[in-house]
Amino acid sequence: MNNVLDHKCPNCNAVLKYDPHLEKWKCEYCRGEFTLNELDIIKKENNIEYSKKGNSENYGYICKNCGAQIIASENTSSTSCVYCKNTAIIMDKLTGEFNPDYVIPFKTKKVDAINAFKKFCKGKILMPKEFNNKKNIDEITGIYIPFWLYNFDADGIIEADCKRITTFRSGNYMYTKTDTYLATRGGSMTFNYVPVDGSKRFSNDIMNSIEPFDYSNLKEFNYSYLSGFLSEKYDVDKITASKDAIARAKNSFIDEMSKDIVGFNTVVPINNSINLSDKGSFYVLLPVWILNIKYKDKIYTFAMNGETGKLIGNIPIDKKKAVIIFALVFALTFIFLLIISYLR
Ligand SMILES: [Zn+2]
Ligand SMILES: [Zn+2]
């Protein structure tokens, strides 16, 4: 069974596109607008069955250079890899299962991402002129990044080395007194949706900079949300990713318990015994606008949270421009000082 039926307009059979602002599916030909519910009802009425899950055939590409497995809807095509800009990619059928549990749909459009990028570049005088040309800007792409979310119940105890420092004067001398205590705290905590990146290429630094996502907006996965966007298949599996989630949860547990120990100058956790029980994990897709620009053999990344619009980016410095500006500033300062000394 294919996913083609998911995106067809019930009126005119044209391809439907998800509109992030309307949060509806729109037909560009007959201007019809549909909610997911309406589409489901129409499909049921017409006895069209389709599987939301379990597709083993998708359209997209596998990048031979960086290994990215990118799924595209049939109306989206790519000429180069969204991550590494390698142009030797072939759009074709991809096999292997692709069954996310949930998705946070895009709330922003390409035009929002373009405007944000332009604003980001504004006033960066050392940026090379050709960096934000139209050709590069047009390559801003909406992509769903694979993530694992973990739920845990935690209980345990921590031991912390605590110091209280007091200073006092006696006669002509100042004294410093350090009291050392061993404090113990225990308790239980619940962790919901501890996120771990399921993509080897999407850098954690970038993710940390554009977080948070609002997990109350998670929707049950449906192929229809992917229309007009790319989606990446995970290549960090659930077990491997869980190690990061466990470490993150344990660290937060220790932090929270330490915060509870008050009245000391320093509190250093030295021991802990924490039990985490697995309360479920989910494979989800998170919306990100991404623009990777190759400039002088280096990749510069601009990324924007597709839900909130929070963004991060790095841009190259034009060395020639930098030298000219430095020389100008130097010359102006020199002239300025010359005038001052002349006026004295
Ligand atoms: Zn239509
Ligand atoms: Zn690639």
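This is a predicted model: local features need pLDDT of at least 70, side-chain atom pairs count only at pLDDT 80 or more; totals for chains, interfaces and linings use all residues.

Reader: OK, and which residues coordinate the zinc ion (ligand 2)?

Author: Cys63, Cys66, Cys81 and Cys84 do, each through SG, at 2.3 to 2.4 Å.

Reader: What's the geometry of that site, with its four donor atoms?

Author: Tetrahedral, with angles of 99 to 116° among the four donor atoms.

Reader: Where do Cys63 and Cys84 sit in the chain?

Author: Cys63 is in the loop between strand E4 (57–62) and strand E5 (69–72). Cys84 is in the loop between E5 and strand E6 (92–95). They are 21 residues apart, and the pair links distant parts of the chain.

Reader: Is Cys63 buried or exposed? And what about Cys84, buried or exposed?

Author: Cys63 is buried, because its relative accessibility is 2% and the cut-off for buried is under 20%. Cys84 is buried too, with a relative accessible area of 14%.

Reader: Now the zinc ion (ligand 1). What coordinates that?

Author: Cys9, Cys12, Cys27 and Cys30, through their SG atoms, at 2.3 Å. The site is tetrahedral, and the angles among its four donor atoms run from 100 to 123°. The spacing of the donor residues in sequence is C-x2-C-x14-C-x2-C.

Reader: How accessible is Cys27? And Cys30?

Author: Cys27 counts as buried at 1% relative accessibility. Cys30 is partly exposed, with a relative accessible area of 32%.

Reader: Switching topic: helix H1. Which of its residues are buried?

Author: H1 covers residues 36–45, and its buried residues are Leu39, Asp40 and Lys43. Looking down the axis of H1, these buried residues fall within an arc of 100°, so they line one face of the helix.

Reader: What do the buried residues of H1 pack against?

Author: Three strands: E1 (16–19), E2 (24–27) and E3 (33–34).

Reader: And which exposed residues are on the face turned away from the buried side of H1?

Author: Asn37, Lys44 and Glu45.

Reader: What follows H1?

Author: Asn47 comes after H1, and its phi is positive, near 60°.

Reader: Let's do aromatics. How many aromatic pairs are there?

Author: The count comes to 27 aromatic pairs. One of them is Tyr193 with Tyr215, a tilted pair with 5.5 Å centre to centre and 55° between the planes.

Reader: Where are Tyr193 and Tyr215 in the chain?

Author: Tyr193 lies in strand E9 (residues 173–197), while Tyr215 is in the loop between helix H4 (204–210) and strand E10 (219–220). The pair therefore ties together parts that are 22 residues apart in sequence. Tyr193 is partly exposed, at 29% relative accessible area, whereas Tyr215 is buried at 15%.

Reader: Which residues do ring pairs link into a cluster?

Author: Phe98, Trp148, Phe221, Tyr223, Tyr234 and Tyr283.

Reader: How about Ser258, where is that?

Author: Ser258 is in helix H5 (residues 238–259). Ser258 is buried, with a relative accessible area of 13%. Beyond its neighbours within four places in sequence, Ser258 is in contact with Ile158, Val267 and Pro269. Ile158 is also among the contacts of Arg185.

Reader: Last one: what's the place of Asp318?

Author: Asp318 is in the loop between strand E14 (311–313) and helix H6 (319–343). Asp318 counts as buried, at 17% relative accessibility. A polar atom of the Asp318 side chain lies 3.1 Å from the backbone nitrogen of Lys320.

Reader: Which residues does Asp318 contact, apart from neighbours within four places in sequence?

Author: Leu126, Met127 and Pro128.

Key. Residues are numbered from 1 along each chain as its sequence is written. Chains are lettered from A and ligands numbered from 1 in the order in which they are written. Side-chain values use heavy atoms; hydrogens and water are left out. Helices (H or I, at least four residues) and strands (E, at least two) are DSSP runs, numbered from the N terminus. Buried means under 20% relative accessible area, exposed over 50%, partly exposed in between (1.4 Å probe, protein chains only). A polar contact is a pair of N or O atoms within 3.5 Å; within protein, one must be able to donate a hydrogen and the other to accept it, and residues adjacent in sequence count only if both atoms are side-chain atoms. Contact means heavy atoms within 4.5 Å. The arc is that of the directions from the helix axis to the C-beta atoms. Donors are N, O and S atoms within 2.8 Å of the metal (3.2 Å for Na, K and Ca); water is not among the atoms, so sites may look incomplete. Four donors count as tetrahedral if all angles lie between 85 and 135 degrees; four count as square planar and six as octahedral if opposite donors are over 155 degrees apart and all others between 65 and 115; anything else is irregular. Rings of Phe, Tyr and Trp (its six-membered ring) pair if their centres lie within 6.5 Å; planes under 30 degrees apart count as stacked, over 60 as edge-to-face and the rest as tilted.
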